[in-house]
Each structure stands twice: as C-alpha cells, then as structure tokens.
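Biologist: I am new to this structure and would like to learn how to read its features. Could we begin with the way strands sit beside one another?

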Amino acid sequence: MRPEDAADRHEVWQPGGSRYLASHVSKAFNGAGVLHDVSLVLEPGSVHSLLGENGAGKSTLFKIMSGLYEPDAGELVLGGERLDNLTPRSALQQGIYLVPQEPTLMAHLSAAENLYVGALPRHGRTRLVDWKRIARESRSVFERVGLDVDIETPARNLSIAQQQLLECARALVHNCRVILFDEPTSPLTPHEVEILFDLMQGLRSEGLALGFISHRLDEVISVSDQVTVLRDGRFVMNAPRDGYTRDELVTAMIGRPIGVRTRVRRSSDVTDRREILRVEDLSAPPTFTDVSFTLRQHEVAGLAGLVGSGRTEIAEAIFGLRRADHGRVVLDGTPLTHRTPRECIDAGLIYLPEDRARNGIFGEVDISRNVTAGIIPHLPRRWHLIRTDRELLLAEHATTRTAVRMQTLGSTINTLSGGNQQRAMIARWLLAEPKVAIFDEPTRGVDVGAKDDIYDIVTDLATSGLACLIISSDLEELALVCDRVLVIYEGRIVGEVEGEAVTTAHLGQLVVEGAM
Amino acid sequence: MREVQLILAIGIVVAVTTAAHPSFVAPGNISFMLADASATAILAMGQTIVVLAKGIDLSVAPILGISAVLVAFPAQDLNLPIIVGLAIVLGVGLVLGAANGVLVSIARIPPIIATLATLSVYGGLQFIVAKGEEISNIPNSYAALGNDDIVAGVPWVLLIVIALAAAVTFFLRHTNMGRSIYAIGNDATAAHRSGIPVRRVTFISYTLCGILAGIGGLIYLCHVGSVDSTTGTADNINLTSIAATLIGGTALTGGRGGVAGSVLGAIFLSVALTAMVFALIPAIWEPAGVGALMLLAMLFDRRSTARSPSRTRRPRRAP
C-alpha cells in the first residue's frame with residue numbers, strides 16, 4: 001500500500017488529528033533532482049523511520065516537512081489542514097520540530113535560554129521575558145530528558161550528546177505534535193542512545209507523531225512502528241512493524257540483494273613489504289593518546305572508531321593540521337618534525353579530508369586548477385611563470401587516471417556530483433606522487449555506484465605501491481577494502497584486526513565497546 | 001567577569017597616576033574624565049547592540065555630528081529648549097540608523113561595507129547641514145547639562161549615561177527583541193530556524209544604534225559646547241566607540257557581551273587617555289593609545305576564551 005492511500009483512508013476517520021502527511025513531494029537543487037514524488041505519513045502515537053543510503057533524500061524530506069526547504073511540488077497536510085509556505089517559524093507554531101543532524105544551538109546563550117530561543121515565554125501584561133518560568137520549566141524538562149547540567153551553562157560548554165538532548169528538550173517545551181529526528185543517534189554513545197529511545201517511547205505513548213532517520217538498521221528495527229525506504233530520492237517501500245525482514249530493508253536501500261559487493265581481493269601478504277610510514281606515540285590528550293602504528297607499501301589499512309573517538313584528529317595531527325603534544329612521524333625513513341601540510345605533501349604524504357566542501361574543494365574554481373592546487377610550487381615553469389598548457393596536461397592526465405566524469409576541465413568543480421568531486425580530489429593528490437595516502441570518509445556523500453569506483457581507485461593505488469589509510473564509519477566499507485584495520489576507542493588504539501578477521505561484526509564490537 | 005577586570009584596571013591606572021600627580025583625583029578632573037567619556041559611552045551602547053547581533057556600525061560618528069549640528073543651529077538662534085533638541089536627535093538618529101538597517105537587513109550589503117559607505121554619505125551630509133560653519137554660541141542650559149556636577153566629581157551626564165545603560169541592559173536582558181539580538185549574533189541561521197525574524201531584528205539593532213548615536217550627539221554638544229562639519233569624525237569617535245565596546249568584553253563575533261562593559265570601557269579609555277596627558281605624552285599619541293588598548297583587549301579576550309571547548313566540532317556519522 002502506498003502511504004498516501006493510507007492517508008486518504010484515515011482522512012475520513014480522523015479529521016483534525018495530528019497526523020502529518022507529506023504528499024507527492026518533489027525537490028531539486030540546481031536542476032539535480034533530490035526527491036521525486038515521495039510521500040510519507042506520520043501517525044500520532046507512532047514512530048515512522050526513514051531508511052536509505054546517503055543521498056537518498058531522507059534529510060531533504062524532513063527539512064521540507066519542517067519548513068527549511070520549500071518543496072517544488074507536493075503538499076504538506078497536518079491534521080487535515082494544508083500547510084502552505086511553511087517556514088521554520090510557522091512550523092514551530094504548528095507544533096512541528098526538527099531535531100537536526102548537527103545541533104544548532106546558540107553557543108554563548110545558557111542551556112535554558114537555548115530551549116526557548118525564538119519563542120521565549122513572556123509575562124502576560126508587560127510582555128517581558130519570564131526568566132522565572134524559563135528556569136522552572138527548563139529544570140523540569142531537563143530532568144525529563146535526562147540532561148544533568150546546570151540550566152545556566154552556556155551551550156558551548158555542553159558535550160555533543162548533551163546538545164542533542166537539549167534539542168529534544170526544545171521540541172518538548174514547544175509542545176510539539178510532530179518531532180522529526182534527523183540522525184540523532186550518530187554522535188551518541190550506546191547509553192545515550194538508550195536514554196534517547198526511552199524518551200522517544202515516552203513521547204510516542206503521549207500521542208506524538210515521530211519521524212526518525214538513522215543509519216543503524218538495528219535501531220530502526222527496534223524503535224519503528226513504520227519504516228519507509230527511499231533510494232535515490234524515490235519511494236521504494238513502506239512496511240509496518242514486523243512487516244519486513246532485515247534483508248528486505250537492506251535490499252530496498254541499496255537496490256540489489258546483499259552479498260553482491262564482494263571483498264576486494266589483493267595479494268594479501270604485505271608483511272614482507274617495506275615499511276613506509278611509522279607513527280610513534282603520537283599524543284594530544286585528551287583527544288588521543290599514545291597512537292603508534294606503521295603502514296607498509298601496497299597496504300590498505302583502515303582506521304575505525306566512533307564519532308569523537310579521535311580518528312580524524314589523529315589523521316590531522318599526522319598531516320600537520322593539528323598540534324600533537326609529543327610523538328614522531330617517520331615517512332620512508334625521514335622523520336617529519338614540525339609538520340605542516342606543505343612539508344607532508346612534499347615528503348609524499350597526502351590527506352583527503354572528510355568534509356570536502358570545507359576543507360578541500362575550491363567550489364568556484366575550474367576543475368583543472370582544483371586538481372593542480374596541491375602542487376602549485378612544483379608546476380612546470382618558464383621564467384618562473386607557470387606554463388598553463390603543461391598544467392592542463394597534468395590535470396588531464398590525473399583526471400583520466402581517476403576517471404572523473406566531466407564536460408571539460410574548464411568548468412567549475414561544483415558542477416560535478418559528489419562522487420566526481422571526490423575523484424577530482426584524489427586526482428589532485430596523485431599529482432603529488434604520494435607514498436602514503438590518508439582518506440577520511442572517502443565515500444561520505446557519494447552515491448552508491450561511485451563508491452565502488454572509489455574503492456577501485458584505492459585498491460589500484462595500493463597495487464601501484466602506495467600505502468593507504470582509510471578512516472571510515474562504514475564498517476562494511478572497511479571490511480570490504482582493508483587488509484588490516486586499527487580500531488580507535490576514546491583516543492587510543494584498542495585493537496588491530498588483520499586479514500580474514502576483518503569482518504563487520506568483529507569491528508563493530510571493538511568500535512563500540514573498546515574491547516572484545 | 002570583564003566588568004570587574006575593567007574596574008580593577010581603572011583603579012590601577014588611577015592609583016599609579018595619582019601617585020605621581022595627586023591632582024589626578026581632584027573632583028574637577030574626575031568629573032571631567034567622566035563627562036568626557038559620556039558621549040563615547042552612549043555611542044558604545046549603540047555599537048554594542050549592533051556588534052551583539054554580529055554587525056558593526058562605522059557611521060556612528062557622522063550620525064552624532066549631524067544630530068549635534070541640527071540641534072546647535074536652532075539652539076543658537078532660537079534658544080531651543082533641550083527637550084525639543086532631544087526630540088530632534090531622536091528623529092535624526094532614527095532615520096539615519098534605519099537607513100543603515102535597510103542597507104544591511106533588506107539590501108543585504110555586508111555591514112562593514114554598508115556603514116563604511118554611509119560614513120562617507122552622512123559625513124557629506126553633515127558638511128551640508130553645517131554649511132561649513134562652526135556653531136559655538138550654545139545656550140547656558142546646554143553647557144550646564146553637559147558640564148555641571150550633581151556633587152563634586154559626579155557630573156549630571158554620568159547620571160544620563162547610567163540611566164541609558166540601565167535601560168539598554170534591561171532591554172537586552174528582558175525583552176524578546178533583546179534576546180533575539182543575542183540569538184542572531186550567536187548563529188543567524190539557527191536563529192532563523194528557531195523562528196526569529198532575523199532581518200527585522202538586524203534592522204532594529206541598527207536603528208537603535210542610530211538613535212543612541214543621536215543622543216550621543218546631543219550630549220556631545222552639551223559637553224563640548226561647539227560643533228562643526230567634521231565633529232565626531234574628526235574626534236575619531238567611530239574608533240573609540242568600537243574600542244570601548246571591545247574593551248568592554250563584547251565579542252566582535254557576536255552574541256556575547258553587554259553594555260555595562262562598554263560603559264566601563266569608555267570610562268577606562270577616558271581615564272587612560274587623561275593619564276597619558278598627565279604623563280606629558282603629546283596629544284597626537286591619543287589615537288595610537290586607543291588602538292593599542294583595543295588590541296590589548298582583543299588579545300586578552302582570545303586568551304580568556306581560547307581554552308573553553310569549542311562547540312564547532314561537527315558530529316560525524318558513526319557506524
């Protein structure tokens with residue numbers, strides 16, 4: 001049954017309820033379709049989960065439903081009433097709240113004030129802010145959501161988990177009828193996730209309509225009354241609790257039966273290869289402590305760990321983007337002291353950052369110059385002036401090697417899809433003729449097909465002699481491409497898994513619990 | 001607390017200078033320093049409102065100048081009552097501040113550019129309304145307000161400054177608009193998502209800044225007793241108002257601070273600059289002194305905030 005059919009049926013039974021319907025919604029950004037005719041019904045007193053891979057359009061749908069984006073087509077109906085021109089403000093007034101993926105709190109305002117930002121309670125006659133009521137109510141709400149902090153604490157001093165709970169508390173104080181959770185659990189520890197789920201169950205029994213996005217299948221299966229799967233911006237399936245199997249969900253999400261993607265097999269024995277990178281006792285407490293490992297030529301190693309475990313910070317410290325208190329990095333026999341990105345690149349160590357848009361891509365600059373940006377001091381020159389013809393050749397060569405699909409090298413790089421941008425970034429770093437490559441979440445925000453290509457590029461690089469280190473939250477991905485995986489837990493390496501032992505289940509336990 | 005630090009800093013400057021020149025704490029000099037700080041303090045209040053909302057207003061000097069000139073002429077020629085003068089400066093400040101507000105909030109011109117442009121435009125306007133003249137024949141009632149003491153060492157204008165500071169603090173702390181100013185200064189996108197009308201709040205912040213700059217013009221006229229076509233701009237009052245704001249602990253990045261600190265910052269500047277005079281440092285070093293104190297305040301501010309954990313660490317996807 002398509003969800004909008006359900007909606008039509010309920011329309012007769014229950015007018016004026018708090019059912020929230022998004023009907024035949026479509027949305028495109030810059031001509032690229034993100035959602036195509038998707039419908040979703042959130043029933044009061046139930047949890048409806050959205051599943052799908054990155055880029056499936058889940059967050060976009062929630063953002064439309066909370067007034068952040070305007071849909072190109074389709075309509076939103078809350079309790080039988082059409083919501084036109086929904087804005088974040090009118091959404092809040094209607095009782096719709098989005099708990100965003102990344103908490104958006106006011107850093108310098110108190111936790112209590114953050115609860116009410118945009119709708120501060122006021123005295124009836126004077127219209128002045130009612131601080132007493134804010135203090136009283138926020139204490140009770142904090143207790144309800146299990147947030148144990150002083151209400152006057154500035155938000156910047158809260159941990160990410162506390163900020164997330166504060167976001168939930170915000171929905172409560174605004175008496176929302178509909179709460180949309182956009183991947184609330186990703187930065188949380190298992191215990192914190194439990195607290196959040198208890199909270200969600202409580203809200204559900206109070207008759208609220210809850211929407212939920214998570215990448216963790218088990219979470220989705222355990223909390224949801226309904227599951228809807230999106231793929232590439234299209235509706236794939238909808239099923240009530242117990243109306244599906246785990247495998248069905250996975251197949252619906254990735255569009256093909258599981259098990260098709262096979263582990264990349266390469267000459268697995270790398271122990272006799274030459275050691276190329278040695279990291280010794282790298283420490284910057286409390287972020288990470290005593291990190292030591294080595295990489296060998298032809299090796300693909302993985303770095304697994306939860307959010308906040310220090311994965312990215314370690315990579316940044318190796319690459320000189322972040323200070324380490326002590327420790328050594330030796331690249332191919334040469335110690336890298338006082339590391340800067342420039343020195344690392346010149347020595348043959350490259351780093352592809354996690355957030356390309358912020359850390360790597362020059363969006364408005366053409367592709368060729370994005371590709372050559374890492375080797376500007378070494379570009380071919382005549383009379384100290386860069387020979388642009390030769391620069392173009394270099395860029396062409398590199399982009400061919402990483403198979404960037406593009407119109408011309410002269411178009412700006414933000415015209416490329418996420419996957420192709422990532423290939424262009426890899427092309428950039430290949431020009432530096434690296435010996436070691438660190439990839440931070442190389443497939444994040446990349447569509448499914450492009451993922452496999454990126455895996456191919458990584459394995460090709462390893463075959464050609466590079467040592468690759470992949471940082472990823474996607475354990476399946478690590479199990480797929482890595483010869484060896486180091487597991488980080490709270491800033492320390494707690495385990496190393498090699499060869500056939502690299503499995504998702506095995507890694508998962510280490511990552512979450514820090515021990516077997 | 002920046003306010004406490006500033007009171008201590010003022011105390012130290014006063015103590016050191018008094019040790020060398022006991023006349024530094026003569027009631028006449030204390031009264032002079034406080035009265036001299038008053039126009040800066042009032043402008044800094046407006047500047048603080050704008051900076052709290054993550055803006056900046058570089059045009060407060062000519063707003064002060066135009067307001068002062070437009071009151072000075074009828075005051076000289078018609079013996080205009082001060083209360084009517086107040087109405088004039090409120091109107092002038094409102095209009096010019098609102099114009100800034102329109103440029104920043106509706107035309108979406110970056111504040112530093114918008115107000116740099118209006119600095120120039122308003123500066124020209126001041127020349128036109130002043131007709132190139134200096135107006136110095138101001139009625140005694142004005143001079144009395146600007147220079148007389150309540151008791152020895154405590155000028156009337158200090159009372160005005162304190163009353164205004166109390167009013168603005170109350171506004172920022174206890175009204176919805178005041179809290180919205182802090183909110184958009186913290187994170188305009190998040191504020192928008194929380195349903196705060198960001199543009200309206202931005203507009204109001206510049207309008208209030210203009211109004212306070214207008215009041216500052218009236219106080220300036222009363223205190224100094226003369227105005228001309230470059231009053232305000234020539235006094236470097238843009239710089240001192242921003243300096244007082246930053247020294248007072250309001251973050252240039254928005255969302256943190258308040259006007260009490262700015263008033264103390266203005267008094268600190270006035271005391272420090274007077275101390276320079278007592279130390280026989282030539283007056284040409286005054287702007288350099290203001291700049292140096294501003295830089296010191298920024299360095300101090302960075303050190304005191306650098307250690308707290310940042311909230312900007314982005315949560316990442318976990319398995």
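Biologist: Which residue stands opposite Val279(A) in strand 14 of chain A?

Modeller: In general, the strands of a sheet pair through backbone hydrogen bonds, either parallel or antiparallel. In this predicted model, the residue facing Val279(A) is Val329(A) of strand 14 of chain A. Strand 11 (residues 275–284) and strand 14 (residues 326–331) of chain A run antiparallel, and five bridges join them.

Biologist: In what order do the four strands of that open sheet in chain A lie?

Modeller: The order is 12-11-14-15 in chain A, with antiparallel pairing, and the edges are formed by strand 12 (288–296) and strand 15 (334–335) of chain A, each of which pairs on one side only. Helix 10 (residues 311–318) of chain A packs on this sheet, where it touches strand 11, strand 12 and strand 14 of chain A, and its direction makes about 115 degrees with that of strand 11 of chain A.

Biologist: Turning to chain B, how many degrees lie between the axes of helix 11 and helix 12 of chain B where they cross?

Modeller: The axes of helix 11 (residues 237–247) and helix 12 (residues 259–278) of chain B cross at roughly 120 degrees and come within 7 Å, and the crossing is right-handed. Among the residues making the contact are Ala243(B) and Ile247(B) of helix 11 of chain B, together with Gly265(B) and Phe268(B) of helix 12 of chain B. By class, this contact of helix 11 with helix 12 of chain B has six nonpolar, four polar and no charged residues.

Definitions and conventions
Residues numbered from 1 in each chain as written. Chains lettered and ligands numbered in written order. Predicted model: local features only at pLDDT ≥ 70, side-chain atom pairs only at ≥ 80, totals over all residues. Pairing = 2+ DSSP bridges. Helix = DSSP H or I, 4+ residues; strand = E, 2+ residues; numbered from the N terminus. Contact = placed C-beta atoms within 7 Å. Axes fitted to C-alpha atoms, helices over the stretch in contact; angles between N-to-C directions. Left-handed = near helix turned anticlockwise from the far one by under 90°. Nonpolar A, V, L, I, M, F, W, Y, C, P; charged D, E, K, R; others polar.
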